[in-house]
Amino acid sequence: MATESISANQIEELRKAFARPNAGMRARNQRLAVRYELRARVEFCWMDEKGVSRHGLGRTRDISTKGAYIVGAVRPPKGTLVAMNIVIPLSGAAPRVLRVQTEGQVVRVEPGGGHGDAGGFSVENQRVTSFGA
């Protein structure tokens, strides 16, 4: 699973945005927050309809203060509440990562299209529970 590094300036922008989650401005595409194209590892979990804990691994396609799109073979159903741990590699001399823990609701699920397309799902953040390096 490939990951990309993120610069110190981008980290500072994300820190400021997450500190003020309702301060997002509409981008030209009418979204409430700017999305960052980022391939970062994600672990996520949810409770299924029978109350059984489920989990999956994936990577972000993009991320914003309002949510993320997760690519992976495992996709929770639309409407499900999920907890996510996102690990963002930081650029610099020493290898470091930024860990973001969020809780949100799955708002869209896309099936895989074959030929290596795993499909994915969109999550709208309801709460950022941790944000730190």
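1. The chain is built from one helix and seven strands, where helices (H or I, at least four residues) and strands (E, at least two) are DSSP runs numbered from the N terminus. Followed along the sequence, these elements give the pattern α-β-β-β-β-β-β-β.

2. The model is predicted, so that local features need pLDDT of at least 70 and side-chain atom pairs count only at pLDDT 80 or more, while totals for chains, interfaces and linings use all residues. Residues are numbered from 1 along each chain as its sequence is written, and side-chain values use heavy atoms, with hydrogens and water left out.

3. On the chain as a whole, 34% of the 133 residues count as buried, a term that stands for under 20% relative accessible area, with exposed meaning over 50% and partly exposed the range in between (1.4 Å probe, protein chains only). The accessible surface comes to about 8100 Å², and carbon and sulfur atoms hold 49% of that area; the areas come from the Shrake-Rupley method with a 1.4 Å probe, and for residues only the protein chains shown count as cover. With contact taken as heavy atoms within 4.5 Å, 60% of the contacts between residues at least 6 apart in sequence join residues at least 24 apart.

4. Strand E5 (residues 81-90) deserves a paragraph of its own. Seven of its ten residues are buried, so the strand is largely enclosed by the rest of the structure. Two strands are said to pair if DSSP finds at least two bridges between them; E5 is joined to E2 by five bridges, and these two strands run antiparallel. Within that pairing, Glu-43 has Asn-85 of E5 as its bridge partner.

5. E5 is also joined to strand E6 (residues 96-110), here by ten bridges and again in an antiparallel arrangement.

6. Which residues do ring pairs link into a cluster? They are Phe-44, Trp-46 and Phe-121. Rings of Phe, Tyr and Trp (its six-membered ring) are paired if their centres lie within 6.5 Å, with planes under 30 degrees apart counted as stacked, over 60 as edge-to-face and the rest as tilted. By this rule the count comes to two aromatic pairs. The pair of Phe-44 and Trp-46 is stacked, at 6.0 Å centre to centre and 20° between the planes. The pair of Phe-44 and Phe-121 is edge-to-face, at 5.1 Å centre to centre and 70° between the planes. This latter pair links distant parts of the chain, as Phe-44 belongs to strand E2 (residues 41-47) and Phe-121 to strand E7 (residues 120-132), 77 residues apart.

7. The structure holds five salt bridges, each defined as a side-chain nitrogen of Lys or Arg within 4 Å of a carboxyl oxygen of Asp or Glu. Among them is the one in which the side chains of Arg-54 and Asp-48 meet (3.0 Å, N to O); here Arg-54 counts as partly exposed at 38% relative accessibility, whereas Asp-48 counts as buried at 14%.

8. Another of the salt bridges is formed by the side chains of Glu-103 and Arg-127 (2.9 Å, N to O). Glu-103 lies in strand E6 and Arg-127 in strand E7, so the pair ties together parts that are 24 residues apart in sequence. Both ends are partly exposed, Glu-103 with a relative accessible area of 30% and Arg-127 at 46% relative accessibility. Elsewhere, salt bridges that share partners join Arg-35, Arg-61 and Asp-62 into one network.

9. Arg-61 is partly exposed, with a relative accessible area of 30%, while Asp-62 is buried, with a value of 10%. Arg-61 also lies over the face of Tyr-69, at 3.7 Å from the ring centre, and a charge is taken to sit over a ring if NZ of Lys or CZ of Arg is within 6 Å of the ring centre and within 35 degrees of the ring normal.
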